[in-house]
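Open the model in your viewer and keep the selection panel at hand. The stops below go from strands to a helix and then to a pocket.

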Amino acid sequence: MYRTELGQLAGQRFAKGHATGNDFVLIADPEAQLDLNAEQVAALCHRRFGIGGDGLIRAVPTAKVPGYEGQFLEHPRAYWFMDYRNNDGSIAEMCGNGVRAFAHYLIAEGLVSLQVGQSFQIGSRAGVKEITRLADGYAVNLGPWGLIFEQEAAEKSVDSMVKPRGWEQALPALSITMGNPHTVVALPDVQMLEELDLFQAPEVSPVPANGTNVEFVVPSEPLIEEDGVAQVQMRVHERGVGETLSCGTGACAAAAAVRYWARSTALINQWAVKVPGGVVGVEFRGNAEGGEDTILSGPADLVARGIIGSE
């Protein structure tokens, strides 16, 4: 089944990369010739019959992506578009870890030249994103975060209920948008976090319009370390994928939610989010419009290259 579903992808060069354990199949399509379908992506991302990955990322010129040509006209620096698909083949708006893996891939392929400290832009379904190369990874400006159900969140500090698999009682949660939807649940201790069964998607009510990623987070005690950085630990169930070792936009959403809940004390701008695949940094930084942007930072690596089979 895997081989018969590949179609035009047979013979295509690919790379396998990851960012804190969130892994991706990466392919370049400079002429925008590939017309991917969900079955092909799911076959490639299958961990037994395919290459394996939490998702697939296609590098394609922004000017050649139907419906997004205007991004390139308005932001000519955003030459490359990150066409991201989930493990099941469904299309997603954004993937914070995927952006770092995408940037690393573009540089490794010679499609982008970038020195440490320099920045470039990419197009995406969640808008144009700016990426800066660091000495030990990449930082991506994901733009502002927001509340999905603003009125209820403002009134109650929570706006939904989440019930993990095997639980009888649902837990209160906060719905956050990072260009893609997230629902964040705070847990009282790490043991409860570690014992969660995230093999199946938790039940969420109400569910945001396009589904949601669900993050479970435990703030450290004390929350802020001596260096002024807030520390939290997180696990995540990603829509269209399942539990992953890391979720970049999810880490940002988790930090934003805990920060929102702690707003009565002081705004905390520097965060370290521990995920099963490592640690990512989250920074909330004021922007020229009077709001604030969310900056995600962390490592990215390529682990393999090859040619998609044709036999």
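Two strands count as paired if DSSP finds at least two bridges between them. Bear in mind throughout that this is a predicted model.

Start by selecting residues 13-19, strand β1. Is this strand enclosed or open to the outside? Five of its seven residues are buried, so β1 is largely enclosed by the rest of the structure.

Follow the chain from β1 into β2. Two residues lie between the strands of this hairpin, and threonine 20 there has a positive phi near 45 degrees.

Move to helix α1, residues 38-45. Its buried residues are Gln40, Val41, Ala43, Leu44 and Cys45. Show β2 (22-28), β3 (55-61) and β4 (80-86), which are among the elements that cover them. At the start of α1, select asparagine 37: one of its side-chain oxygens comes to within 3.1 Å of the backbone nitrogen of glutamate 39.

Finish at the largest pocket, with about 170 Å³ of space. What lines the largest pocket? Select His75, Gln121, Val128, Lys129, Glu130, Asn141, Leu142, Gly143, Pro144, Asn287, Glu289 and Asp293. Colour them by class to see three nonpolar, five polar and four charged residues.

Definitions and conventions
Residues are numbered from 1 along each chain as its sequence is written. This is a predicted model: local features need pLDDT of at least 70, side-chain atom pairs count only at pLDDT 80 or more; totals for chains, interfaces and linings use all residues. Side-chain values use heavy atoms; hydrogens and water are left out. Buried means under 20% relative accessible area, exposed over 50%, partly exposed in between (1.4 Å probe, protein chains only). Helices (H or I, at least four residues) and strands (E, at least two) are DSSP runs, numbered from the N terminus. Contact means heavy atoms within 4.5 Å. A polar contact is a pair of N or O atoms within 3.5 Å; within protein, one must be able to donate a hydrogen and the other to accept it, and residues adjacent in sequence count only if both atoms are side-chain atoms. On a 1 Å grid over the protein atoms alone, a cavity is a set of points where a 1.4 Å probe fits but cannot get out, and a pocket is an open set with protein on both sides within 12 Å along at least five of seven lines; lining residues have an atom within 4 Å of a point. Grid points are joined across faces, edges and corners, and a volume is the space filled by probe spheres set on the points. Ala, Val, Leu, Ile, Met, Phe, Trp, Tyr, Cys and Pro count as nonpolar, Asp, Glu, Lys and Arg as charged, and the others, Gly among them, as polar.
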